[in-house]
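Let's take a walk through this structure together, one piece at a time. Keep the 3D view open and turn it as you read.

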Amino acid sequence: MAARMEIRFTVNGTERCVPAYPMARLLDVLRNELSLTGTKEGCGEGECGSCSVLVNGELVNSCLVPVLQVEGANVRTVEGLATEVLHPVQRAFLECGGAQCGICTPGMIVATVHLLQSKPKPSMDEIREGLNGNLCRCTGYTRIFEAVKSAADSMTPEELKALTTVTGKVR
Amino acid sequence: MRSLPSSYELVAPLSLERVLALMAEEPGVWTPVAGGTEVMVQFGAGRLAAQRLVSIRELRELRTIAERGDELHVGAGCTYTDLRRSSVIASEFPMLSTAAAWTGSIANQNRGTIGGNIVNASPAADSLPALLVYEAELILISTRGERRVPYLDFHTGYKQTLLRPDELIRAIVLPRRYSGYVSCSRKVGPRNAQAISKLCTAALARVSGSRIEEIRIAFGSMAPVPLRLHETERVLNGSEWSEYVLRLARQALRAEVSPIDDIRSTQEYRVAVAGNLLEEFLRSLFPKKENAVLERWNLLSAEDAAAEVLSCCGSHAWAKAVAAARPYKEEAALFAHASEVWHGLSADDWMEAFRSHPRIGERHAEKATTAASAAWSAGEQRDVQSAEGDVKRALAEGNRKYEERFGRIFIVCATGRQPTEILTILEQRLGNDDEAELKESAGEQEQILQLRLKKWLSQQEAI
């Protein structure tokens, strides 16, 4: 039997200290302890990408991350993207109809942010690869890929720069 | 049923020494976890047997890629993303780069590690065949010290390895001596991303002329362990390339592999595809320089060569001249000379070629040349033959008017053209004067003969 321990990490720009079992999945800690329910659970085995978050800027499936491994890390969830207004990637998904039932959407948006960090003007092949771990059973992907393209085309240099810095506040 | 996190212990010592000390204290009790892409899947599914885990994810010393003289030392904790970003891996060990890109999704590549992949010992893992053919070595470490083992020997049975309970893989050592080699890796899966392979392969070869100096072949999912095909290699090493050697190699491969039927594929499929992938690789090493039909035709007597090529254009003068200019080194040379000869012919010779075609919409030529020519005409005019009655009648009427006006049959390259389009062309050309129309007919015949030459060279090659 393990004991709970205090795990410290930064979530969307705010430092948090959460009592948790070290093997608790980051996904469960975010949703149940921090009430950040934007991150969804789909398959729970790293195949579908619904639980995508950024850890120190890297895209990960939070269902496969034991929370002890984010001790001291900077975690960014979909809640950390919008400020007073929607994040440009969120706006593009809305405008292009890149969401239907919505379960995959937070993961798609986080994966898109991760893609645009390193490839601000991605080709269609790069978009397909960047989102290859995010499954959607509704849209058929076309509108999602169009949303990514539209986000990339419409983002200002300041917005692109902001991708790599945490701007949001935990609600 | 998900596992309860309270039932599992997870610790994260801050140094490699402390991890090793913990593993030495209670050998076999502590299971290392790096990116968690395997352990956490088992955990999520309630199937994780190990109850005490030690995180090695944060150990920087396991995450370096270092050039050490004629070796490249890849830390076992390097993620697939680390491998993909390494320029030295991309240039010197491209199959490892490629396999890293095949593995899982971007998120999984950010977490999964090469060392984890080796220890997990799945026979389907995409990067392991590459390590086998690059003849990697593993540096294993424990509090007792380090030892180096050839990766070839590491997997001893299904999910069984040489790793002792207190040992970790510290690094994978790759010998840097493959600049003169050709390599090829392939993955066969149901989709491009995120798929576990039905089978995968990595192969490396050095050739000189038509001789295989050295070859190494490995497959995933073809045995209980990632498999080097030593017997198949023995057949090929030092051999002169031939169809016979290929047959022997495929036989050896069949005898050497032992795949199973499982959820992803069948034994039969895997064996067949593995043979095809081997053949594809071997053929790529010895590309055919010459078209087989051209090669054979180049050696025929002048008379036979002319008779054969007459199917492509019904002028005996053309066929004789084209055959006389043999041998052609490549197809393009034949195509160019064929057109040149055609344009240099007399009007009478042109007429002879025209007469070898059936009227558009009809089946029999006025002066048929060869059976092949007749069959090709039928193919070229297939759409016209199946046209509606109205269109066919209009074509017949057009043909009659045309022959009355010009005194020869109407020539048009029918391939790829719809009957109504041909009818429109026919009506337009009825307005030409005789000289312009003769030139236009000759141009159409040139298109036909070029298409037929290509068909002739490709059709028979497949036999």
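**Starting at a hairpin in chain B**

Ala66(B) stands opposite His73(B), which sits in strand E5 of chain B. What you're looking at there, in a model that is predicted, is a pair of strands: E4 (residues 65-68) and E5 (residues 71-75) of chain B pair in the antiparallel sense, over 4 bridges. Together, E4(B) and E5(B) form a hairpin, with 2 residues between them. One residue in that turn, Gly69(B), has a positive phi of about 60°.

Now find the open sheet of chain B whose 3 strands come in the order E1-E3-E2, with parallel pairing. Which strands are at its edges? They are E1 (9-11) and E2 (30-33) of chain B, and each of them pairs on one side only. From one strand to the next, the twist averages 30°. The pairing of E2(B) with E3(B) is parallel and covers 4 bridges, and within E3(B) you'll find Leu53(B) standing opposite Thr31(B).

Stay with E3(B), residues 52-55, as Arg52(B) belongs to this strand. Is Arg52(B) buried, exposed or partly exposed? There are 14 other C-beta atoms within 10 Å of it, so it counts as partly exposed. Leaving out residues up to four places away in sequence, Arg52(B) touches Glu9(B), Val29(B), Trp30(B) and Thr31(B). Folding also brings together residues that are separated in sequence: Leu10(B) is 42 residues from Arg52(B) along the chain, and their C-alpha atoms are separated by 6.0 Å.

Time to zoom out on chain B. Its domain assignment gives domain 1 (5-175), domain 2 (184-285) and domain 3 (294-461). The C-alpha centres of domain 2 and domain 3 of chain B lie 46 Å apart.

A few spots further along this chain deserve a stop. Ser221(B) is in the loop between strand E13 (211-220) and strand E14 (227-228) of chain B. It isn't a glycine, yet Ser221(B) has a positive phi of about 70°. With 29 other C-beta atoms within 10 Å, Ser221(B) is buried. Next, go to Pro327(B), in the loop between helix H14 (316-324) and helix H15 (331-343) of chain B. The peptide bond that joins Arg326(B) and Pro327(B) is cis, with omega at about 0°.

Then look at helix H20 (residues 419-429) of chain B, where Pro419(B), Ile422(B), Leu423(B) and Arg429(B) are buried. These residues cover an arc of only 130° around the axis, so they end up on the same side of H20(B). Thr424(B) and Gln428(B), on the other side of H20(B), are exposed.

**Over to chain A**

Chain A has an open sheet too: 5 strands in the order E2-E1-E5-E3-E4, with mixed pairing. E2 (14-20) and E4 of chain A stand at the edges with a single partner strand each, so one side of each has no neighbour in the sheet. Here the twist averages 40° from one strand to the next. Inside the sheet, E1 (residues 5-11) and E5 (residues 74-76) of chain A run parallel, joined by 2 bridges. Thr10(A) has Asn74(A), in E5(A), as its bridge partner.

Helix H3 (residues 105-118) of chain A lies across E3 (52-55) and E4 of chain A, at about 35° to E3(A). In the loop between E3 and E4 of chain A sits Asn56(A). This residue is not a glycine, but its phi is positive, about 50°. Asn56(A) has 12 C-beta neighbours inside 10 Å, so it counts as exposed.

The domain assignment of chain A gives domain 1 (5-80) and domain 2 (88-162), and their centres, taken over C-alpha atoms, are separated by 21 Å. Their contact takes 14 residues from domain 1 of chain A and 12 residues from domain 2 of chain A. On the domain 1 side, E3(A) gives the most, with 3 residues.

**Where the chains meet**

How many residues are in contact between chain A and chain B? There are 25 residues of chain A in contact with 25 residues of chain B. Strand E4 (residues 58-61) of chain A supplies the largest share of chain A's side, 4 residues. By class, chain A's side divides into 13 nonpolar, 9 polar and 3 charged residues.

Key:
Residues numbered from 1 in each chain as written. Chains lettered and ligands numbered in written order. Predicted model: local features only at pLDDT ≥ 70, side-chain atom pairs only at ≥ 80, totals over all residues. Domains from an automatic or database assignment. Contact = placed C-beta atoms within 7 Å. Nonpolar A, V, L, I, M, F, W, Y, C, P; charged D, E, K, R; others polar. Pairing = 2+ DSSP bridges. Axes fitted to C-alpha atoms, helices over the stretch in contact; angles between N-to-C directions. Buried ≥ 20, exposed ≤ 12 C-beta atoms within 10 Å, placed from the backbone. Arc of directions from axis to C-beta.
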